[in-house]
Amino acid sequence: MPFVIFFFLLFTALPARADLYRWIDPETGAIKYSSYPPPWVGDAERERRLPPVEVLRYTPRGAAKTPERDKAIAPLEDRRRRLLQELLALPERKDRGPDEIQRQLQMYQLLADELDRLDPRGAAARKAEDYEVMEKLRRRLEVNAR
């Protein structure tokens, strides 16, 4: 009996160490998380018309920074800055589709989440910059809606 209790305590005390799948539910628009991929993953035709699925890889807490990780962050940070510039330019574009801003925001959010996961220390600075840009975007949309 003590072995069973020890075994139970051992496995209940372990933190989760699984990758997660994240996607936007096509029916509700809600962000979904699961340890299993949605049913359309692996079906090329369905993947083309349904939301992309992001895999959030498990990273142990306190994992040391490595040059490889820094090399992974730099291109993502560049992409994030370009997406912010594109978002600010969208309200003035006359050729944009009705849901283009929403799609760009979703892409941006996925990228920002990945950066926050890879570089949690830089998350606060990015959030402050995001807030400023989103406020500018909101004001531009209000002006163009008049």
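Tutor: Contact here means heavy atoms within 4.5 Å. Please bear in mind that this is a predicted model.

Student: Which residues does E100 touch, then, not counting residues up to four places away in sequence?

Tutor: By that cut-off E100 touches L90 and R93, once residues up to four places away in sequence are left out.

Student: And where does E100 sit?

Tutor: E100 belongs to helix α4, which covers residues 100–118.

Student: Is E100 buried or exposed?

Tutor: E100 has a relative accessibility of 13%. Buried means under 20%, so E100 counts as buried.

Student: Let us turn to the sheet. In what order do the strands come?

Tutor: The order is β2-β1-β3, in an open sheet of 3 strands with antiparallel pairing. The edges are taken by β2 (31–34) and β3 (54–56). Each of these has a single partner strand, so one side of each has no neighbour in the sheet.

Student: How many bridges join β1 and β2?

Tutor: There are 4 bridges between β1 (residues 20–24) and β2, which pair in the antiparallel sense. As for individual positions, Y21 stands opposite S34 in β2.

Student: What holds paired strands together in general?

Tutor: Strands of a sheet pair through backbone hydrogen bonds, in either a parallel or an antiparallel manner.

Student: Now the aromatics. How many aromatic pairs are there?

Tutor: The count is 1 aromatic pair. W23 and W40 form it, with 6.1 Å centre to centre and 85° between the planes, an edge-to-face arrangement.

Student: Why does that pair tie together separate parts of the chain?

Tutor: W23 lies in strand β1, whereas W40 lies in the loop between β2 and α2 (44–49), so the pair links parts that are 17 residues apart in sequence.

Student: Are the two buried or exposed?

Tutor: W23 counts as buried at 11% relative accessibility, and W40 counts as buried at 6%.

Student: One more topic: how much space lies in the second largest pocket?

Tutor: The second largest pocket holds about 240 Å³ of space.

Student: Which residues line the second largest pocket?

Tutor: Its lining includes W23, along with R22, I24, D25, P51, P52 and R103, among others.

Student: Which element gives the most to that lining?

Tutor: Helix α4 gives the most to the lining of the second largest pocket, with 4 residues. Both β1 and α4 supply at least two residues each.

Key
Residues are numbered from 1 along each chain as its sequence is written. This is a predicted model: local features need pLDDT of at least 70, side-chain atom pairs count only at pLDDT 80 or more; totals for chains, interfaces and linings use all residues. Side-chain values use heavy atoms; hydrogens and water are left out. Two strands pair if DSSP finds at least two bridges between them. Rings of Phe, Tyr and Trp (its six-membered ring) pair if their centres lie within 6.5 Å; planes under 30 degrees apart count as stacked, over 60 as edge-to-face and the rest as tilted. Buried means under 20% relative accessible area, exposed over 50%, partly exposed in between (1.4 Å probe, protein chains only). On a 1 Å grid over the protein atoms alone, a cavity is a set of points where a 1.4 Å probe fits but cannot get out, and a pocket is an open set with protein on both sides within 12 Å along at least five of seven lines; lining residues have an atom within 4 Å of a point. Grid points are joined across faces, edges and corners, and a volume is the space filled by probe spheres set on the points.
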